[in-house]
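These are my notes from going through the model.

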Amino acid sequence: MAETVYSISAVAHLYELIKMCITPSHGVVYMAAKKHYFGVGGGTRRFLSIVEKYGVLASSMVTEVGDGSSNVREDQTLSLFF
């Protein structure tokens, strides 16, 4: 998924959808998005705070891309805790 966590109102729904769609043995979600979307408040940090709060999904940083002049982008993987 890319650019899906910009809307604060959609973040909780997206989290629930991911939990329903993956299983411990079959499922990894790759997320690529900005750390923060200015003007709308969403971003990877907001989404990952929900992931950490409920403790059902595990997240892992794949890469962080920043050029020093624009918003930082992150690539994360999400999977169910075993």
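Entry on I18. I looked up its contacts, leaving out residues up to four places away in sequence, and found M1, V29, F47, L57 and L78. I note that this is a predicted model.

Entry on the core. I asked which members of the largest nonpolar core touch the most other members. The core has 17 residues, and those members are V5, I18, F47, V51, L57 and L78. I then checked which elements give two or more residues to this core, and they are α1 (8-21), β1 (29-34), α2 (44-54) and β3 (73-80).

Entry on the helix pair. I looked up how α1 and α2 pack: the angle is about 45° and the axes are 10 Å apart. The crossing of α1 past α2 is right-handed. On the α1 side I listed I8, V11, A12, L14, Y15 and I18 as making the contact, and on the α2 side R46, F47, I50, V51 and Y54. By class, the residues of this contact are 10 nonpolar and 1 charged, with no polar ones.

Entry on T4. I placed this residue in the segment before α1. Is T4 buried or partly exposed? Its relative accessibility is 28%, so I count T4 as partly exposed; buried would need under 20%. I also took the C-alpha separation of T4 and V28, which is 16 Å for residues 24 apart along the chain.

Key. Residues are numbered from 1 along each chain as its sequence is written. This is a predicted model: local features need pLDDT of at least 70, side-chain atom pairs count only at pLDDT 80 or more; totals for chains, interfaces and linings use all residues. Side-chain values use heavy atoms; hydrogens and water are left out. A nonpolar core is a set of buried Ala, Val, Leu, Ile, Met, Phe, Trp, Tyr and Cys residues joined through side-chain atoms within 4.5 Å. Buried means under 20% relative accessible area, exposed over 50%, partly exposed in between (1.4 Å probe, protein chains only). Helices (H or I, at least four residues) and strands (E, at least two) are DSSP runs, numbered from the N terminus. Contact means heavy atoms within 4.5 Å. Axes are lines fitted to C-alpha atoms, for helices over the stretch in contact, and angles run from 0 to 180 degrees between N-to-C directions. A crossing is left-handed if the near helix is turned anticlockwise from the far one by less than a right angle, and right-handed if clockwise. Ala, Val, Leu, Ile, Met, Phe, Trp, Tyr, Cys and Pro count as nonpolar, Asp, Glu, Lys and Arg as charged, and the others, Gly among them, as polar.
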